[in-house]
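I opened a new notebook page for this structure. Below is what I looked up, in order.

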Amino acid sequence: MKTTSLLITALSATLYTYVLAATGLLLITSAGAMAQSRTDADMLLARASHARLVDGDIEDAISIYRQLAMSSSASRFHVATALVGLGDSYQLTGSTESVPAYERVLSEFGDQPAPFQQASSKLRLLLASNTAAGVTVNATGQHVLLMSEVPRFSTSLPRIYDFSPDGARMVFHAPATAERKARFPNLVRELYIQDTRGSVRRPVMDNAADWEFINLPRWSPDGNRMLYTAFKGIGDDGSRQLYKHDFLTGESRQIVNLEQFNSEALRGLNWMPDGRSFVTLWYDGVRRFSLDGDLIRHYEQKVDHMTMIGNVSPDGRFLLYHRVDPDKEDHEEMDLWMLDLENGTSRQLSSESGYEGWPVWSKDGSHIYYVSGPRDAHNVFRRKFDSNETPEKITTYSNASAIYPTILGEEGQISFTLMKDNHTVLAGNSPSEARTIVRGNSPMLSPSGEHIYYLNSEPGKTGLWVTSMEGDSSRQLVEGEIITPYGPKKFLSPDGSSITYAKNEGDVTTLYVMAATGGDAKKLYSTPGVRHLIPSWSPDSKEIAFSIHGDMMVISANSGEPKVLANVKHWESWNIEWSPDGAQLAAFAYLEGEEANHIMLISRESGEMQRLTLATEAQYKEILAWHPDGKRISYMYYNTEDGNGSRIIDIESGQISDIADLPDPMWDYFGVWGPDGRYYFSSATRGMGNLWELHAYDDRTGEYETIRISERGSVSMPTWNGDGSIMAWSEREPVRQMWMMTNYE
């Protein structure tokens with residue numbers, strides 16, 4: 001990759017090491033930093049224990065334990081032990097902070113047996129004595145770590161693994177080993193099999209042919225066969241097929257050709273209980289196939305990009321699935337559904353506000369297991385089928401999420417993936433000079449560069465916060481979860497004086513404005529229903545634009561009634577952008593009679609609309625950004641013919657061109673222009689999974705450069721202060737573990 005004179009030239013000047021601290025922080029330290037010695041850590045633990053047990057000074061003990069728990073150089077054993085001591089100390093004070101302390105050990109330190117068992121036992125006893133009203137908590141379950149690091153995956157896709165019917169073995173897709181890539185150069189990911197103790201791991205098939213990706217394994221009910229998909233390339237030149245593998249003979253055979261997967265993609269599959277056929281989810285509904293690839297039946301269903309199927313009931317009658325509530329715009333408004341495979345009708349099983357997803361049947365069909373809870377704390381629940389009994393809460397996480405519940409060989413054994421995203425805010429004059437500021441995400445710099453506004457999702461701290469550039473004196477400005485955009489967005493006004501945000505409160509969505517220094521928030525606008533309302537500041541900080549369904553509205557930041565500026569069939573609510581001079585707005589719209597969305601230009605004065613993108617761009621588009629010159633708009637286009645990538649349109653001429661084309665399998669995605677308009681910063685992923693890197697495109701030379709690499713997670717879009725001298729962004733370090741829980745009955 002070519003090197004330009006970007007603000008990145010100092011990247012090689014300083015070496016940084018990323019360390020995942022016990023608190024989940026990504027701390028950046030110089031390569032020569034001295035590690036805390038074992039003796040120092042032992043002494044701190046001894047001091048804390050003496051303060052708690054001998055002196056009775058619980059506050060001093062908490063302070064010492066927290067110091068060690070937040071250390072970036074202490075060993076994992078010492079950090080985990082400190083967290084257990086911290087939980088014990090909090091319990092003595094009656095504080096509920098003991099729960100997240102123990103849970104952090106369970107979610108992040110499964111490789112430390114002694115502290116892990118202590119935390120697990122203490123948490124069970126604690127929860128058993130503090131049962132929440134209206135919810136039955138099973139606190140007797142035993143946890144077994146099956147995989148300390150699950151291969152990267154996207155939660156918008158089906159689970160990447162499955163278990164044998166007896167629960168003794170698991171199969172999963174993972175990056176191809178060096179040995180396998182030497183034999184099969186095109187191979188990126190393939191299937192591996194191991195027992196649940198992790199002692200044996202081997203490729204499922206000996207011959208990977210010329211496939212690039214082999215994934216989506218599903219074990220047959222008799223344990224002798226397995227379904228999986230194999231594909232290479234994308235678009236018309238790609239090839240994707242569904243295979244059946246026979247464990248007895250070691251042979252694989254093609255069942256269904258899926259070459260048109262871009263228009264009718266296979267979204268998930270599961271066996272029928274008799275093992276003679278299987279069901280799949282496509283964009284046009286559910287299909288059932290024989291093992292010879294013959295279509296048995298097509299069930300037309302409403303399917304969106306978030307819909308996922310679970311499994312079929314033991315009697316073969318009902319298929320579980322989840323889908324987004326079509327009447328609500330928030331993706332966290334997920335409901336459970338059930339398809340009757342005999343008569344083809346569907347029935348909604350849940351309608352509660354919030355998230356209910358990933359449903360599976362119990363072995364005897366009497367119960368349904370599913371995932372529910374807040375965005376960053378999904379837990380596994382169990383409810384009796386066709387009953388109004390209160391659901392039982394199986395897992396008890398407050399700072400992590402359990403997804404993909406899977407019933408194993410025996411009743412009372414369940415597996416799930418535990419997820420936790422650790423976010424850190426970084427800032428500096430360049431990526432190479434940046435330092436960690438605080439734990440959080442979606443940073444927004446004040447115009448002076450003296451303060452950083454950010455979002456916090458830690459238990460008990462959820463909301464909007466502000467801190468200094470030194471990371472001290474952090475203050476919470478807004479409590480609770482606010483509606484966040486899918487792409488980059490600032491809640492802070494351009495002049496730095498005010499903050500605007502929206503919240504879903506019950507079945508009402510409300511837009512607020514408040515001073516950037518904090519204080520009481522003022523309601524600007526309320527609308528019935530759960531809406532994905534994302535406000536957008538005008539450049540002069542006097543007005544706020546937003547959309548509700550087909551209405552594009554503008555409201556004064558002081559008060560008053562909103563004005564409907566323009567109306568279409570439906571606006572994409574989360575990506576409304578003002579032109580640099582404030583004279584126009586740009587947004588994605590769905591127009592009557594057209595399936596694809598298009599960029600519309602709206603006059604702030606008259607509301608007159610102009611379509612910028614062409615009708616021939618018949619695929620989905622997102623992530624639009626104005627160039628600082630106000631004459632061009634960039635966006636991301638899902639181009640099935642030539643590959644996905646970033647494009648830019650000249651407003652006056654209407655000419656559309658590609659910004660750049662990173663080599664396959666790189667995928668350009670989020671993008672934003674730097675303050676001087678020379679560099680286009682975009683997030684891109686290579687291969688499969690949520691591994692994102694930050695790149696910069698030089699608009700003068702046409703060259704791309706990688707400026708920030710995340711080996712395990714992702715890098716967000718940067719934001720800048722008023723004069724562009726300081727940039728800030730957040731990085732995500734994911735924790736992905738596979739657990740088995742037993743004896744929770």
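**Entry 1: Ala557.** I am working with a predicted model. I began with the contacts of Ala557. Leaving out residues up to four places away in sequence, I found that Ala557 touches Val513, Leu524, Trp537, Ser541, Lys542, Glu543 and Ile544. I then asked where Ala557 is found. Ala557 sits in the loop between strand E37 (551–556) and strand E38 (563–567). I picked Lys542 from the contacts and looked up the spacing. Ala557 and Lys542 are 15 residues apart in sequence. In space they are 5.4 Å apart, C-alpha to C-alpha. Is Ala557 buried or exposed? Its relative accessibility is 11%, so Ala557 counts as buried. The cut-off for buried is under 20%.

**Entry 2: Thr280.** Next I turned to a strand residue. Thr280 has its place in strand E14, residues 277–282. Thr280 counts as buried because its relative accessibility is 0%. I checked its side chain for polar contacts. The Thr280 side chain makes one with the side chain of Trp282, at 2.4 Å. I also listed contacts, setting aside neighbours within four places in sequence. Thr280 is then in contact with Leu266, Gly268, Leu269, Gly285, Val286, Arg287, Phe289 and Ile309.

**Entry 3: Cavities.** How many cavities of 30 Å³ or more are there? I noted two. The largest cavity holds about 160 Å³ of space. Its lining has 15 residues, and the closest to the cavity centre are Arg159, Asn270, Ile309, Gly310 and Trp358. Ile309 was already on my page, as a contact of Thr280. The lining of the largest cavity divides into nine nonpolar, three polar and three charged residues.

**Entry 4: Confidence.** The mean pLDDT of the protein chain is 83. Of its residues, 86% reach 70 or more. Residues 1–36 have pLDDT below 50. In the model this stretch has 93 contacts beyond near neighbours in sequence. Residues 260–264 also have pLDDT below 50. I noted twelve contacts for that stretch, again beyond near neighbours in sequence.

Notes:
Residues numbered from 1 in each chain as written. Predicted model: local features only at pLDDT ≥ 70, side-chain atom pairs only at ≥ 80, totals over all residues. Heavy atoms only, no water. 1 Å grid on protein atoms, 1.4 Å probe; cavity = no way out; pocket = protein on both sides within 12 Å on 5 of 7 lines; lining within 4 Å. Points joined across faces, edges and corners; volume = space filled by probe spheres on them. Nonpolar A, V, L, I, M, F, W, Y, C, P; charged D, E, K, R; others polar. pLDDT = per-residue confidence, 0-100. Contact = heavy atoms within 4.5 Å. Helix = DSSP H or I, 4+ residues; strand = E, 2+ residues; numbered from the N terminus. Buried < 20%, exposed > 50% of the residue type's maximum accessible area, 1.4 Å probe, protein only. Polar contact = N/O pair within 3.5 Å; in protein donor to acceptor, adjacent residues only side chain to side chain.
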